[in-house]
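Please look over the model below before reading on. The notes after it go through a few of its features, topic by topic.

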Amino acid sequence: MNQYYHSIYINEKKCEGRMRCMRVCPTQAIRVRNGKAKILEERCIDCGECINVCPNNAIIPLTDPFTTISKFKYTIAIPSPALYAQFGREILPDRVLEGLKKIGFDDAYDVAQSCGEVSFAIQEYLREYKGPKPLILSSCPTVVRLIQVKYPELIDLIMPIETPREVAGREIKEKKSKELGLKEEDIGAIYLTPCPAKMISIKQPAEGGKSHLDGAISIKDIYAPLLSAMENLNKTESRASLKSLCILGIGWAIAGGISKTLKLKNSLVVSGLRNVIKVLDDIENGKLKNIDFLEAYSCLEGCVGGSLTVENVYISYNKIFQLIEDLELQEIKVCPDIREVRKRYKENYYLRKEKIYPRPLKPLDPDISKAILKMKQKDKIYEDLPKIDCGACGSPTCETFAEDVVKGEAKITDCIFKLPEKFEQISDELIELMKKSSYHQSKLKKEE
Amino acid sequence: MDGENRIEHRFEIKGGDFGNAGNVSTKIKDILKEIGIPPSIIRRVAIATYEAEMNVVMYAYHGILNFTLTPECIEIIVNDKGPGIEDIELAMQEGYSTATEEMREMGFGAGMGLPNIKKNSDEFEITSEVNKGTKLRIVIYLNKKQ
């Protein structure tokens with residue numbers, strides 16, 4: 001049984017073991033064994049980098065198919081704000097929401113409204129907070145998992161505020177179940193996702209417990225039908241207007257959007273997993289204590305850079321950025337009612353109920369003395385390796401290979417540089433054996 | 001620090017090499033994580049090592065950091081060749097710093113380095129000779145009972 005659910009699946013039939021995924025994985029969670037890539041469950045943080053580099057399209061994001069909506073009596077689409085960035089500038093969010101209703105959803109909920117509320121909650125929390133800094137945004141599931149796995153000591157810096165998608169799911173299901181007289185389990189709140197990582201946050205929330213969302217459909221999968229549905233909308237059905245936009249919410253689609261729209265003076269924005277790792281290393285070293293808030297995203301430029309989006313990330317980034325600028329310029333502030341949000345905030349409405357716990361990687365050995373011995377063995381093995389990280393053994397680096405050998409998950413002869421040495425040793429042994437044999441002895445005698 | 005069972009590593013740190021500053025502390029953290037040292041201890045080691053490393057980068061010409069891990073404790077010894085510290089007592093005061101304006105602009109030199117190292121270690125020794133260099137010894141116990 002797998003302890004961890006993952007939103008990434010390797011199709012063995014398509015996989016040719018070409019190792020690109022193994023080399024690109026930031027947590028060394030992929031090994032190639034017997035010519036096929038394998039994911040090490042405990043190490044994978046669902047960033048999806050492997051999906052993007054596979055030349056055989058053998059790595060598949062496990063999002064729900066569109067037909068998932070037939071499982072419920074009533075379905076509500078909850079689109080990531082990144083969806084709004086996928087279409088031309090003239091297509092505003094209310095048109096997108098109308099389009100979603102045309103392609104089969106019973107309703108569509110503007111998650112940007114919840115984003116706006118959560119932005120307020122973040123602002124309030126930062127204002128009252130007196131503990132260690134910087135606080136880290138909790139909305140990117142990959143960043144949260146990265147911290148759980150590789151930076152367990154930073155876990156308390158993850159902001160204990162619920163994500164907008166969960167707030168939206170909870171609210172809309174409660175409201176609709178009252179309105180329609182349906183049980184909450186008969187209502188499907190389906191997230192339209194720019195990345196596979198949101199899928200795991202629904203199936204297996206980092207904090208445990210149960211998600212308020214019931215599934216996630218890839219933006220790629222609904223793009224074509226949605227586009228044609230929107231084209232067929234007549235003008236009266238969608239009175240596209242900037243006035244319906246929540247400036248605070250729309251910002252969630254791009255890296256820096258939250259800090260920009262909240263006008264946070266002392267925040268830091270980082271996107272792209274490798275860049276996030278660098279910043280987390282700095283925080284671990286005790287740096288960046290003077291920063292209040294870290295907006296960190298696994299995908300470059302934020303959610304618009306997700307692997308399940310369609311539009312070029314820079315174009316979609318720009319669309320959102322321009323929208324924010326326009327709204328600022330026109331001083332449009334149709335955002336959630338601040339008084340209502342403040343009241344809810346005081347009632348802990350936006351607080352995450354469960355605590356997130358670390359998920360550190362299994363050590364070399366549970367006993368520290370034994371782990372140190374194994375580490376010495378590992379260092380010794382590593383010293384003898386060519387250190388060129390060719391990957392032919394099926395481990396991403398010579399160092400991980402040495403670790404795999406010590407853990408008994410690989411054999412030293414899997415190294416193509418070690419194999420000839422073994423041959424040499426065996427052939428020497430064979431010659432020695434040969435010399436001792438009676439056949440060889442009699443041959444020697446004959447020659448004499 | 002007796003017993004055969006130990007891991008030792010020697011790291012070189014170059015004065016003025018801001019580009020690689022922090023690498024030694026990251027490597028040490030990786031080792032400790034692989035061994036399975038508790039996060040709270042790793043954090044203390046990380047902060048102490050990083051500050052010690054930065055002190056060499058910022059003020060010394062060259063330094064050697066020796067890292068030893070045993071089942072009981074972590075020991076870090078940093079020996080640097082550099083200007084040394086004239087008044088150790090003063091240098092240990094929070095807020096005292098001889099960092100240049102540029103260093104401060106980069107976020108360093110808040111005068112918290114040495115006090116921060118001391119705060120995060122169980123044993124802390126510092127000796128220094130002006131115009132020769134500074135020696136730092138830090139010990140952090142894995143088991144606080146000692």
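Two strands pair if DSSP finds at least two bridges between them, and helices (H or I, at least four residues) and strands (E, at least two) are DSSP runs, numbered from the N terminus. This is a predicted model, in which local features need pLDDT of at least 70, side-chain atom pairs count only at pLDDT 80 or more, and totals for chains, interfaces and linings use all residues. Residues are numbered from 1 along each chain as its sequence is written, while chains are lettered from A and ligands numbered from 1 in the order in which they are written.

**Strands in chain B**
- A hairpin of 3 residues links strand 2 of chain B with strand 3 of chain B.
- Strand 2 (residues 62–69) and strand 3 of chain B run antiparallel and are joined by 8 bridges.
- Within this pairing, F67(B) has I76(B) of strand 3 as its bridge partner.
- Strand 3 of chain B is also joined by 9 bridges to strand 5 (residues 133–141) of chain B, again antiparallel.
- In strand 5 of chain B, K135(B) stands opposite N79(B).
- In a regular strand, side chains alternate between the two faces of the sheet.
- Strand 3 (residues 73–81) of chain B has I74(B), I76(B), V78(B) and D80(B) on its covered face, and C73(B), E75(B), I77(B), N79(B) and K81(B) on its uncovered face.

**Contact between the chains**
- Counting two residues as in contact if their C-beta atoms, placed from the backbone, lie within 7 Å, 18 residues of chain A are in contact with 22 residues of chain B.
- On the chain A side, helix 11 (273–284) and helix 14 (368–383) are the elements that give two or more residues.
- Helix 14 of chain A gives the most, with 7 residues.
- The chain A side divides into 10 nonpolar, 3 polar and 5 charged residues; Ala, Val, Leu, Ile, Met, Phe, Trp, Tyr, Cys and Pro count as nonpolar, Asp, Glu, Lys and Arg as charged, and the others, Gly among them, as polar.

**Backbone features in chain A**
- Most residues other than glycine have a negative phi, and most peptide bonds are trans.
- K133(A) and P134(A) are joined by a cis peptide bond, with omega about -5°.
- P134(A) lies in the loop between helix 4 (111–128) and strand 7 (135–136) of chain A.
- K263(A), in the loop between helix 10 (257–262) and strand 10 (267–271) of chain A, has a positive phi near 55°.
- A residue is buried if 20 or more other C-beta atoms, placed from the backbone, lie within 10 Å of its own, exposed if 12 or fewer, and partly exposed in between.
- K263(A) counts as exposed because it has 9 C-beta neighbours inside 10 Å.
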